Amino acid sequence: MTLFPRTLLWRSVLLIALLLAVAHFAWLQIFRVSEREPRARQVAQQIVSVVNLTRAALITADPSKRLQLLQELSQEEGIQVHVGHPGERLVPLPDRPFLRLVESEIKRQLGPQTQLAISREGVRGAWVSFDIDGGEYWMFLPRSRLERTDPLRWVGWGALILVLALLGAYLIVSRINRPLRELTRAADEIGRGRTPPPVSETGPSEIRTLAHAFNRMSADLKRLDDERALLLAGVSHDLRTPLSRIRLGVEMLDDARDPHLKAGLEQDIEDIDAAIGQFLDFARVAEGEAAVPDGDLNAIARELCERYARSGKPVSGRFAALPPFPLRPLAIQRLVANLLDNALRHGQSEVEVTTEVADGRAIVEVLDRGPGIPEDQAERMLQPFTRLDAARSGAGTGLGLAIVERIARSHGGRVQLLPREGGGLRVRVELPLASRS
């Protein structure tokens, strides 16, 4: 399982999101670097101004009122002044570019002897030293004087802008992908042997060109399929008229003269008639039989098994409970009948029909004990006019399994040719229980 999205929509949104995130991060970095020096000068100037004003106020104030002045500075501005003494425990400023700029600017204005610390005697804050008549004093300022005020606000605004940009990107990409989704649905219809309605030729020029080419391809495929069906139906119909005359002539032959010849001719006529019937079935697969919403696959399979058994054919069935689901009854009947005919023609013993439900699909299987089909030939055997000469030789047109595959595909299902345990062939047809129309 991959974490990368599978659809074009979400892949595009993800790539745009990554691009926007990288651009947003780069913009923040550029902004932070470009405003670092001006902000450092501003912070340093504020601290220098406070130090100078405080020092001037202490120097010029009446000694009896200095204590009151210090209390007011502490209460209103959060500024405290302490007398320095040797051996104080100081923690210097962290080695960060912004703080280095602030320290450099303060020392430039107050003198190189000025010290800065973030902790003095275990008390954390912004500490700046200054001299009054040769005595060292320390001024305590809130850390907010050194740090950016309300930094999360800018992060929040940036995140909001990023989310809005991603939402806009999703809407734009979704609108661009809408014609592609329509093309996907139409291609799926073609893959199931149906002719979809023309897709709308709207959107960007590339999408319009693609939709126009797809509509032209769909129309060409429908025309070719109609012509092929018309050709097969016409030829089959024209062949049946002389074939009927031949059958009539054979029936009028005298059995006493050559009974084996007559029987052989009758069998040949039946084989030709069956081949013509398969041509017509193949041509009619795509014809528009209406699907019933509550189709009963078990009833169709059971009725066919009973019909074949009454004719003396070795056919049996095991049917699990199946829910009703949409299907075309005549097409499904033709599908099961073709599988039974194919199994009886090539099998060497009883043919078995089973049904079951698995993973939201109705499954019908026809099992025989014939030579089977090699795994590397299974896909090829579902193509029209294909026969396996070695294991599946004999009468037939090579259309039986192709008809089964076309009917299953038109229902949104699939056909698998699998080896049967103990020898033989297991033809598995899976049909979705929910209609995909």
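This is a predicted model: local features need pLDDT of at least 70, side-chain atom pairs count only at pLDDT 80 or more; totals for chains, interfaces and linings use all residues.

Strand S10 (residues 361–367) pairs with strand S12 (residues 425–432) in the antiparallel sense, over seven bridges. Strands here are DSSP runs of E with at least two residues, helices are runs of H or I with at least four, and both are numbered from the N terminus; two strands pair if DSSP finds at least two bridges between them. Within this pairing, Ala 362 stands opposite Leu 431 in S12.

Residues are numbered from 1 along each chain as its sequence is written, and side-chain values use heavy atoms, with hydrogens and water left out.

S10 is also joined to strand S9 (residues 351–358), by seven bridges, and these two run antiparallel. Glu 352 has Leu 367 of S10 as its bridge partner. Two residues lie between S9 and S10 in this hairpin, and Asp 359 in the turn has a positive phi of about 55°.

How is S10 placed relative to the rest of the structure? Six of its seven residues are buried, so S10 is largely enclosed. Buried means under 20% relative accessible area, exposed over 50%, and partly exposed in between (1.4 Å probe, protein chains only).

Turning to the helices, Ala 17 belongs to helix H1 (residues 8–60). Ala 17 counts as buried because its relative accessible area is 18%. Its C-alpha atom is separated by 6.1 Å from that of Leu 166, 149 residues apart along the chain.

Finally, Arg 178 lies in helix H4 (residues 151–191) and is partly exposed, at 45% relative accessibility.
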